[in-house]
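Please read the points below alongside the sequence and the model.

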Amino acid sequence: MVLEQLLEEWRRDEAFATQVAAWHVAPARLGRFREIPKELHEDVKQALLTRGIDRLYSHQAECWDALAVGRDIVVATPTASGKTLCYNLPVLDQICRDPSARALYIFPTKALAQDQVAELNDWIGRLQTQVQSFTYDGDTPVHARQRIREAGHIVVTNPDMLHAAILPHHTKWLRLFENLRYVVIDEAHIYRGVFGSHVANVLRRLQRICAFYGSQPQFIFSSATIANPGELTTRLCGRETTVIDESGSPEGERHTIVYNPPIVHPQLGLRASSLQTARRLARRLLDAEISTIAFVKTRTQVEVLSSYLKADARERLRSRIVGYRGGYLPNERRAIERGLRNGDILGVVSTNALELGVDIGSLQAAITVGYPGSIASIRQQSGRAGRRKGVSLALFVANASALDQYLVRHPGALLEGSPEAARIYPDNLLILMDHLKCSAYELPFAVHESFAVETTAELLEYLADARVLHKGGDNRYHWMADALPSHGVSLRSAAQENVVIIDETDAARPIVIGETDRFSALTTLHEEAIYLHQGKSYQVEKLDLDNGKAYVRAVDCDYYTDAELAVRLQVLDELQHAQGVGVIHRTGEVAVNATPTLFKKIKFDTHENLGWGRIYLPEAELHTAGYWCTFEERLLKVGPDAWESALKGFGHLLKHAVALHCMCSVSDLHAAVQVRDPLYTQPTVYVYDAYPGGIGICERAFRDRDLILQSALDMVRGCACEWGCPGCVGPGNEEEQLKQMVEKLVARCLDGRQLQEV
Amino acid sequence: MARSLLDKLRALEQSVRTVASEPVMVDEPSESVDTGQIGAIAARDEELLQAGFRRMETDCGHCWCRTTSFDVCTKHGERPFFDVLNLDLAPIAKLAKAPVSMANLRFYDTETNGLGLGSGTLPFLHSVGYFVDDDFCVDQYFVDDYGNEAAVLAALQAGPLGDQDAVVVTFNGKSFDWPLLQNRRILHQMPRIDRPQLDLLHPSRRLWKGVLDRVSLAEVESLLGVERIDDLPGREAPARYFEFVGGASFFVMEDVFRHNLHDVCSLVSVFIAIAEALSGHAVYVSARPNLAIATWFDAWHDWEAADEAYRRAAAADDADWRAFWLFSLFLKRRGLWEEAVRLWQEMEATYVTQPEPLIELAKYYEHRTADLHAAKQATLLALARVRPASGEAAAMAHRLDRIERKLARQIHIDLA
């Protein structure tokens, strides 16, 4: 049976149709083509012909044109629209013309780099000109490095290597930096939040070094569809980029279905599990031999769903269904990718590991089980299905969470609503300072030199006072400590000192299983805490905050722990506020002092309290940016305990709504409440960025509060529960009318919106 | 309530504890900054002059250099510098792959503000030792201010490193001091300088690896009777330099200069020891250095010298498998079959698990004396010493096969 027939059958099947929240069909689209540019080097033209390419898609030609007039560009067209040619073409053309020319390719991970190198080498093999491309990462053997530095036309690397190995040693890369013509940054949408803010600073350092060697490379970004590719990449490279987002590649007919699992317990409003539902639907697809990929959230779910599907499948199909996730060996993963490309593998269950641009060809159907956290991510996942010819299917199976149910009720957001914007905040003081140090190590700073911010001179002065830099007789700031500053800076976190989680279950072979910021460690990694990781329970044996290590051991237990944190929140600087009716919104800087006090042991499923213990840990301090709402006490005519529950519920809801809107993870935010705030003497809810110095989330939340609060209202109103449940107002509150109180607070925030900002 | 940028930064850094210790605040600058600075500079210059430095003018500004001269009769360790006069420098020239004479030797060492070869690592002291007339002189070029580095680099090139034929003698300089010098030149947009290198680390390793725990300059010099008194550990040098540029008196640098001067002198001692080992003047009792010497001569096709050194290595009390084995291969290459066979037979009996001597014997019997029975015997014995089904075993089985075939043919011929 082919996909068209199956879709037709589902359309007629009433049981199926009643669960469909939305069914969207995008008609097939013809390709738009342009001639191969006349001025393209003959050698590259021939190479195109040997691959059977005698014309370009329109967006590929647009990239060529924009680069030819010296622009920096970002190409943001859908998956499988031929984005890599957009950069390979100009780069190879340039090297054919001038063998001294160099290009730097930056991919977010090693695996992606390997894929693209294979593709690149195929092109190079078709050229007469000798072009050398090399991967430079942690696995590159030492003896090969010298040659790469000297002879590599195209050096393929990742931001971490650029930051820690290439830039601090730029004198060894003389040839590269003197002749750098293009910097290619693939999967640019990955560079958001803290990571993106770091990468923007790494690119500032790169450009400073290029300027020293007299080169001014053009930037070529490629990105998945996000709302603001131009803004993101402009902030990343500090120069205005030209956006090319009209794809010219042909597309087949495409069905997108939002499916809500049926209600199995009408009294409680319980729905069938999304995993079981996905199992049922995937089985139908695989039975019909339709190539299918299913995305789930955790590694455990990968194992569970893939074993279900194997068990359900006909004997001869079983070996063609596999799981794919981080933690598999590289060879194993490569074999699966190959199998998917050549069709040997029919079905694959994956975590978001396959969401990035790893080349697996195109499949016919993609199933997303549960909202993966962002619209861009869901687009990437559904983009895995889709062919230039023929029909494809993207199927979203919602789970019971408030967020998923909100999306089911507002499928527009998934279908045509603009995907989220990716935000970065490269001027976060701590991140900026880290890179200012690295940059000063790389090249001394002249007194009036600017590093992206106006306050550079003040910051340099500060570092000189702290004896990190020294102002020489030449009036320049020189690096003065005997350490390599890049060693202390990890691009993937804002606070330098994270806590590493070490599994000592096998005492002879301890392994690192995760990492968390110090602030969160207080409540999740105190001694005796149960740390949940990939669905397994670990008990914390020792938390060594001085050395940033937590030692855990796998245990088999039926409870989890919930720590209470005594939080003292102090407003350092109020930057803006807006007066509503009975409520005031504010944003600014806050200092949070937190001391964990005690923890409760809570039984899985029943949530009964099994006991408690004390936590002995020092107070932690976090300076960050926040957004807070202060309510008039008369809004709710209840006692302080009920007020507190209501505020907590509001905070929980707000965190989720902000995360949805700002394309960040819920754990990037913390919330705190004060029934009688020491400063305002009124009930107040604070949300704040979970990173020292803030990363711009709450600042934005304040600006976009109406949109965010509107989603929050929809979430709480749309929840099927009666008094408030963990899905909408969060766990741990047992208060009658809680949901109604929270709803009232949210609604009140929205009522005041027409009033003026002060 | 608005806070200044610096207040904010201080509080923020405090909160994440990025700065290990409190920032050290320097005194507030005085009102008359200009005259104050000029005064400080004049005082600094005066201090360096007092300490015996001379001011050098270059195209890139001025810098400071202090020269220390030793009469060649001065002893550093057990040996006076003039022993260099009596050395046979021909083998050294082979090591350096360039002509070597007393006059073109440049003993080079640096002190830096940190380890690693990143572009922020600054060599603040460059020292070059050389022989002139009856003296061994060491020029110590000092980057007294970060701003004067270009002048130091220019002075080095115009001075002791300027000679095209100069042979740069270092300890670990090939992978540290010399590339560092190139880094600094690139940072000041000066062209590279290329000079033949003689890095004493590598020959030292060959000669003394088994003898010393780790082959460092300090360890090697102690073998040669050099003592260090009140020596500043090298790792403390950066802190002293930071103190100095932070305003401390030059006095804090004297220990660093002394340490560095000592290092340069030790380069000469190690140089002498290696040159003597290579010219056969030094007699070592243990196997390892003799073997090192032998393999050098072997590579340079100096058969006579190699022969002598191999013999000494094999005769040493601590002669091991490697000494015998390399010697036996040398004998084989030289066609000294009788001796080689005797050695293999001895080795075969001593090292009862090693198949190699038996394989060599088998080859010898099969191809040189055509004693097929002996060849078969040796191969069978060797086969018993390797893991079944290994690559080695397969190769031996192949040999055995061939020998059997030849034997069969021989019998056939005999019968005929």
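Predicted model: local features only at pLDDT ≥ 70, side-chain atom pairs only at ≥ 80, totals over all residues.

1. Residues are numbered from 1 along each chain as its sequence is written, and side-chain values use heavy atoms, with hydrogens and water left out.

2. Helix 10 of chain A (residues 193–213) has 21 residues and should span 30 Å at 1.5 Å a residue, which agrees with the 31 Å between its end C-alpha atoms; the expected span is 1.5 Å times one less than the number of residues, and helices are DSSP runs of H or I with at least four residues, strands runs of E with at least two, numbered from the N terminus. Of its 21 residues, 18 are buried (under 20% relative accessible area, 1.4 Å probe, protein chains only), and the helix is followed by A:Gly214, whose phi is positive, near 80°.

3. Strand 16 of chain A (residues 347–350) is covered on both faces, with A:Gly347 and A:Val349 buried on one side and A:Val348 and A:Ser350 on the other. Strand 14 of chain A pairs with strand 16 in the parallel sense over four bridges, pairing requiring at least two DSSP bridges, and A:Phe295 stands opposite A:Ser350. Strand 15 of chain A also runs parallel to strand 16, joined by four bridges, and A:Val322 has A:Val348 as its bridge partner.

4. B:Phe271 touches, among others, B:Val84, B:Phe107 and B:Leu200, contact meaning heavy atoms within 4.5 Å.

Note on methods: Chains lettered and ligands numbered in written order. Buried < 20%, exposed > 50% of the residue type's maximum accessible area, 1.4 Å probe, protein only. Lists of a residue's contacts leave out its neighbours within four places in sequence.
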